[in-house]
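Here is a colleague's note for someone opening this structure for the first time. Please read the points with the model on screen.

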Amino acid sequence: MSAAGAAGAAGATGDDTAVDTPRPMVYGVASALSPMVRRIVCRNPSVMTGPGTNTYLVGIDEIAVVDPGPDDAEHLDAVAGCGGDRIRWILLTHTHPDHSPGAAGLKQRTGAEVLAFDDRDGVDLDGTLGDGSVIEATEFHLTALHTPGHASNHLCYLLNEERMLFTGDHIMQGSTVVIAPPDGDMAAYLASLDRLKRIRPPLRSIAPGHGHVIDDPRAVIDGYIAHRLEREAQVIDLLRARGRSAITDLVEDIYADVPAELHSWARLSVWAHLRKLADDGLAEGDGLDDVWSAA
Ligand SMILES: [Zn+2]
């Protein structure tokens, strides 16, 4: 899930003209992104999913699918049609409804095993993956990295041979990510972003759960972190100025330039910031509907 309309990470480079305009996405057709990776976009566009959910096929002889998407027959047929019984693994970045429910249908079509961090949200797994788990195929290795923040059970997958990272909803192209407590956790999210910067050798590209491939991972990760810290500073400054405030009132001020229909998501985001500020000893409060105060 994303928050379209919130500040995009690309703008954080300070050069809006540098934002590239990749080819438009076509539903149901595999497009080759690299020697080893193909992408099929599911036709589930929305304000939360951007153009739709990206399903990636990694490998040629043996294939790992990253995020089958929702239970959408047309999409699953396209993925199965592309990989057939060479699909051996169905890997989930997390169990949210735009990423994981297609696992059962794709397994039915291909016989592949379904793997994820855990089996929350009604997903049936054949096995679990933890931080550092490796999927070993003849041509490639995918290493799972536990990246809590958007969801506590979120994994990214690193394609070692190409230094490409599949980021699900941890990082997406063209917008920021929703951090919705209590499962979403802003402090964990920032730590997970920071961790990606320290991967060696460094990442060459990011294949997000929504949007196009990102070719400047470091700049985008830096932009994501800067954006969150800026928002955090806005939240605490405003709370200090007011002394006490409900989250709704903070949102009205901070997100004045964001369409009102996104304010329910913005409330969750401000709540996530406040919970981190409370952990840091700077704010007092607990719930989404509480009146919060500066500490
Ligand atoms: Zn998503």
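1. **Phe117 and its contacts.** Start at Phe117. Setting aside neighbours within four places in sequence, Phe117 is in contact with Thr128, Leu129, Gly130, His146, Ser152, Asn153 and Leu155. Keep in mind that this is a predicted model. Phe117 sits in the loop between strand 7 and strand 8. Its relative accessible area is 27%, so Phe117 is partly exposed. Asn54 gives a sense of distance: Phe117 and Asn54 are 63 residues apart in sequence and 19 Å apart in space, C-alpha to C-alpha.

2. In what order do the strands of the open sheet run? The order is 2-3-4-5-6-7-8, for 7 strands in an open sheet with mixed pairing. Strand 2 (31–32) and strand 8 (127–128) are the edge strands, and each pairs on one side only. Strand 2 and strand 3 (residues 37–41) run antiparallel, joined by 2 bridges. There, Ala32 stands opposite Arg38 in strand 3.

3. **Helices on the sheet.** Helix 1 packs on the sheet. Helix 1 touches strand 3, strand 4, strand 5 and strand 6, and its direction makes about 160 degrees with that of strand 3. Helix 2 lies across strand 5, strand 6 and strand 7 (113–116). Relative to strand 6, helix 2 runs at about 175 degrees.

4. **Helix 1 in detail.** Which residues of helix 1 are buried? They are His75, Leu76, Ala78, Val79, Ala80, Cys82 and Gly83. An α-helix has 3.6 residues a turn, so residues three or four places apart point the same way. The cover over the buried residues of helix 1 includes strand 3, strand 4, strand 5, strand 6 and helix 2. Asp72 caps the N-terminal end of helix 1, with a side-chain oxygen 3.1 Å from the backbone nitrogen of Glu74. Just after helix 1, Gly84 takes a positive phi of about 55 degrees.

5. **Salt bridges: Arg88 and Glu62.** The structure holds 14 salt bridges. In one of them, the side chains of Arg88 and Glu62 meet at 2.3 Å, N to O. Arg88 belongs to strand 6 (residues 87–91), and Glu62 to the loop between strand 4 (54–58) and strand 5 (63–66), so the pair ties together parts that are 26 residues apart in sequence. Are the two partners buried or exposed? Arg88 counts as partly exposed, at 39% relative accessibility. Glu62 is buried, with a relative accessible area of 13%.

6. **Salt bridges: Arg109 and Asp77.** Arg109 forms a salt bridge with Asp77, and their closest N and O atoms are 2.8 Å apart. Arg109 is in helix 2 (residues 102–110) and Asp77 in helix 1 (residues 73–83), so this pair ties together parts that are 32 residues apart in sequence. Arg109 is partly exposed, with a relative accessible area of 33%. Asp77 is partly exposed as well, with a relative accessible area of 45%.

7. **Salt bridges: Glu232 and Lys276.** Another salt bridge joins Glu232 and Lys276, the closest N and O atoms being 2.9 Å apart. Glu232 lies in helix 4 (residues 217–242) and Lys276 in helix 6 (residues 263–279), so the pair ties together parts that are 44 residues apart in sequence. Glu232 and Lys276 are both buried.

8. **A salt-bridge network.** Check one group as well as the pairs. Arg120, Asp121 and Asp183 are linked in a network of salt bridges.

9. **Cysteines.** How many disulfides are found in the whole structure? The search finds 0. A disulfide is a covalent bond between the sulfur atoms of two cysteines. For Cys42, the closest cysteine sulfur is that of Cys82, 15 Å away, which is too far for a bond. The cut-off for a disulfide is a pair of cysteine sulfur atoms within 2.5 Å. Cys42 counts as buried, at 0% relative accessibility. Cys82 is in no disulfide either, its nearest cysteine sulfur being that of Cys42. At 17% relative accessibility, Cys82 also counts as buried. Cys82 is one of the buried residues of helix 1.

Methods: Residues are numbered from 1 along each chain as its sequence is written. This is a predicted model: local features need pLDDT of at least 70, side-chain atom pairs count only at pLDDT 80 or more; totals for chains, interfaces and linings use all residues. Side-chain values use heavy atoms; hydrogens and water are left out. A salt bridge is a side-chain nitrogen of Lys or Arg within 4 Å of a carboxyl oxygen of Asp or Glu. Helices (H or I, at least four residues) and strands (E, at least two) are DSSP runs, numbered from the N terminus. Buried means under 20% relative accessible area, exposed over 50%, partly exposed in between (1.4 Å probe, protein chains only). Two strands pair if DSSP finds at least two bridges between them. Contact means heavy atoms within 4.5 Å. Axes are lines fitted to C-alpha atoms, for helices over the stretch in contact, and angles run from 0 to 180 degrees between N-to-C directions. A polar contact is a pair of N or O atoms within 3.5 Å; within protein, one must be able to donate a hydrogen and the other to accept it, and residues adjacent in sequence count only if both atoms are side-chain atoms.
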